[in-house]
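Please consider the model displayed below, together with its sequence. The paragraphs that follow lead through its strands, its aromatic residues and one of its pockets.

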Amino acid sequence: MAANSSNIVFDDIFTINAIDKEGKKFDRVSRLFAHSKNYDMDLTLDYNIELFPLKADQSFALALASSLARGPPTTNAAGEEEEKDSDVWRPDGKGRRGLEEDYDYVMYGKVYRFDGGTAQIVTAYMSFGGLLLSLTGDFRHMTNIVLGDPIYVLLRK
């Protein structure tokens, strides 16, 4: 998992078990079901198939980040986090280069729910403008994911 000196709160490599196993509901959106290699996590993710086409048994890297800024969050003299993200991404390409440069598909959303399953297994739910993500596994690997916080999901093949 990523170190605390980064804005990345979770990262792993996932292998897709199935896509749309409950049937296809939308034209340009599919739901994938995947399992991670390193942390034994289960992932369900809605994604745009035109922007990021994937197939069953394919592997991809997934990262969850609290910000697209590279490096650790900085604080000002008052101890408050500085607003570094104001120019991280700009459509004209003049902003600072952030984490999005290293990935093929990025979505911005919010952590809206945590479910405690067994003693150590939890599920974190995130929404990205209606596209949903659920991540299930050992709570120790998700300690930096905070309920109510904004979150970025970053994917690359």
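**A guided reading of the fold**

Asp20 is found in the loop between β1 and β2, where strands (E, at least two residues) and helices (H or I, at least four) are DSSP runs numbered from the N terminus. This is a predicted model, in which local features need pLDDT of at least 70 and side-chain atom pairs count only at pLDDT 80 or more, while totals for chains, interfaces and linings use all residues. Residues are numbered from 1 along each chain as its sequence is written, and side-chain values use heavy atoms, with hydrogens and water left out.

The phi angle of Asp20 is near 55 degrees, a positive value in a residue other than glycine. Asp20 has a relative accessible area of 19% and therefore counts as buried; buried means under 20%, exposed over 50% and partly exposed in between, with a 1.4 Å probe and protein chains only. Asp57, in the loop between β3 and β4, also has a positive phi, about 70 degrees, although it is not a glycine. Asp57 is exposed, because its relative accessibility is 63%.

The chain as a whole has zero helices and eight strands. Of its 157 residues, 41% count as buried. Strand β4 (residues 59-65) is largely enclosed by the rest of the structure, because six of its seven residues are buried. Two strands pair if DSSP finds at least two bridges between them. β4 runs antiparallel to β1, to which seven bridges join it; among them, Asp11 has Ala63 in β4 as its bridge partner. Strand β8 (residues 150-156) is likewise antiparallel to β4, with five bridges between the two, and Ala65 is partnered there by Tyr152.

The aromatic residues come next. A pair of aromatic rings is described by the distance of the centres and the angle of the planes. Rings of Phe, Tyr and Trp (its six-membered ring) pair if their centres lie within 6.5 Å; planes under 30 degrees apart count as stacked, over 60 as edge-to-face and the rest as tilted. The structure holds six such pairs. One of them is the tilted pair of Phe10 and Phe14, at 6.4 Å centre to centre and 50 degrees between the planes. Phe10 is buried, because its relative accessibility is 0%. Phe10 also forms a tilted pair with Tyr39, at 6.0 Å and 50 degrees. Because Phe10 lies in strand β1 (residues 8-19) and Tyr39 in the loop between β2 and β3 (42-48), this pair ties together parts that are 29 residues apart in sequence. Phe10, Phe14, Tyr39 and Phe60 form one aromatic cluster.

Two rings have a charged end over them, meaning that NZ of Lys or CZ of Arg is within 6 Å of the ring centre and within 35 degrees of the ring normal. Arg156 sits in this way over Tyr103, 4.3 Å from the ring centre, and Lys157 over Phe52, 5.3 Å from the ring centre.

Asp20 returns as one of the residues lining the second largest pocket, including also Phe26, Arg31 and Asp46. A pocket is an open set of points on a 1 Å grid over the protein atoms alone, where a 1.4 Å probe fits, with protein on both sides within 12 Å along at least five of seven lines; lining residues have an atom within 4 Å of a point. The largest share of this lining, three residues, comes from strand β2 (residues 29-36).
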